[in-house]
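Here is my note on the packing in this model. Please read the points with the structure open.

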Amino acid sequence: MKEFALISGAIFGIVSIILGAFGAHALKKVLSSERLSSFEIGVRYQMYMALALLWVGSAFDFDSSRADWAVYGLFFGTILFSGSIYLLSFKDKLPFSLRFLGPVTPLGGLFMIVGWVMILLQVIG
């Protein structure tokens, strides 16, 4: 799990930088300022979770399930939260409805919260 946390944190960080640059340059002409702002929130939270995963992978021994659940929460929370925001940013440009993604974003946020609670529980013992 340690290796998974470090690899996924590094990949999330790389993708976050790429998407941030893409959003700052190419998407300004495509998305409204409101949609671009949402896209940037997805990028920001993805970077936060990337850094958290790198820290968890580096600092924890993974001798308890709390550390594992911290990684699961941060990983799946990022996929659901940031991923749904990225897709929803383009909802006006796509020929199909993305309404089903509405509840996915808060679910991703809930997973992130679980990840951070597991970090807290692991740190305090």
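1. Axes here are lines fitted to C-alpha atoms, for helices over the stretch in contact, and angles run from 0 to 180 degrees between N-to-C directions. The model is predicted, so local features need pLDDT of at least 70 and side-chain atom pairs count only at pLDDT 80 or more, while totals for chains, interfaces and linings use all residues. Numbering starts from 1 along each chain as its sequence is written, and side-chain values use heavy atoms, with hydrogens and water left out.

2. The axes of α3 and α4 lie 7 Å apart, and the two helices pack at an angle of about 155 degrees. α3 and α4 are therefore roughly antiparallel to each other (an angle over 145 degrees). By class, their contact has 17 nonpolar, 9 polar and 1 charged residues.

3. Thr105 sits in helix α4. Its relative accessibility is 14%, so Thr105 counts as buried (under 20% relative accessible area, with a 1.4 Å probe and protein chains only). Apart from neighbours within four places in sequence, Thr105 is in contact (heavy atoms within 4.5 Å) with Leu80, Phe81, Ser84, Ile85 and Leu88.

4. Not counting residues up to four places away in sequence, Phe60 touches Lys2, Trp55, Ala67, Ile119, Gln122 and Val123.

Technical notes. Helices (H or I, at least four residues) and strands (E, at least two) are DSSP runs, numbered from the N terminus. Angles under 35 degrees count as roughly parallel, over 145 as roughly antiparallel, 65 to 115 as roughly perpendicular and the rest as oblique. Ala, Val, Leu, Ile, Met, Phe, Trp, Tyr, Cys and Pro count as nonpolar, Asp, Glu, Lys and Arg as charged, and the others, Gly among them, as polar. Buried means under 20% relative accessible area, exposed over 50%, partly exposed in between (1.4 Å probe, protein chains only).
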